[in-house]
Amino acid sequence: MRASWILTLGFVLTISGCGSDVETGPDTYGGSNGSTTDVGPLEAPTIENVIPMAKVLRVRWSVASTCELIDGERRTDAATYAPAFTVSGTDTDYVDDEAYENQTYTYRLRCIRGDKASDYSNQLGANPFNF
């Protein structure tokens, strides 16, 4: 009878979610140590500027959400966006040293947290040789 009672209790706890280390809901994030943190809604970064420098472009942004990663995409004049870089969610700039002469590049970003991604950011562009 004791085994039956323990089995029943285990079933009830499983159904109610007790003992689970998985948090649900849009405003929680499971950290690498298994803890969860209330981090708020997932918002897109804001590109502050794209700075032309000697043969490179520096993309600078701000973030309003807690992000694991920042995914950056870029395109040339009429091309579609393609992946350009992925950096830590705490980074606020990236130097694109693969920009080519006399070509304007436009960037957009997304905040990544777990398996979720924010909407895309605003778009800004520059030419690495126009400084």
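Predicted model: local features only at pLDDT ≥ 70, side-chain atom pairs only at ≥ 80, totals over all residues.
View 1. The side chains of Arg58 and Asp93 meet in a salt bridge, 2.8 Å from N to O. Arg58 belongs to strand β4 and Asp93 to strand β7, so this pair ties together parts that are 35 residues apart in sequence.

**View 2. Arg108 and Glu73, a buried pair.** Look here for another salt bridge, where the closest N and O atoms of Arg108 and Glu73 are 2.8 Å apart. Arg108 comes from strand β8 and Glu73 from strand β5 (residues 69–75), so the contact links parts that are 35 residues apart in sequence. Arg108 and Glu73 are both buried.

**View 3. Arg74 meets Asp96.** These two side chains form a salt bridge at 2.6 Å, N to O. Since Arg74 lies in strand β5 and Asp96 in strand β7, the pair ties together parts that are 22 residues apart in sequence. Arg74 and Asp96 are both buried. A search of the whole structure turns up three salt bridges.

**View 4. The open sheet with strands β3, β4 and β7.** Three strands make up this open sheet, in the order β3-β4-β7 and with antiparallel pairing. At the edges are β3 and β7 (93–96), each of which pairs on one side only. From one strand to the next, the twist averages 15°. Zoom in on β3 and β4 and you'll find seven bridges joining these antiparallel strands.

**View 5. The largest nonpolar core.** This core holds 15 residues, and those with the most contacts inside it are Val50, Leu57, Trp61 and Tyr107. Two or more residues come from each of β3 (46–53), β4 (56–62), β6 (82–88) and β8 (105–113). The biggest share is from β8, which gives four residues.

**View 6. Around Leu57.** Now centre on Leu57, one of the core residues with the most contacts inside the core.

Technical notes: Residues numbered from 1 in each chain as written. Heavy atoms only, no water. Core = buried A, V, L, I, M, F, W, Y, C linked by side-chain atoms within 4.5 Å. Buried < 20%, exposed > 50% of the residue type's maximum accessible area, 1.4 Å probe, protein only. Pairing = 2+ DSSP bridges. Axes fitted to C-alpha atoms, helices over the stretch in contact; angles between N-to-C directions. Salt bridge = Lys/Arg side-chain N within 4 Å of Asp/Glu carboxyl O.
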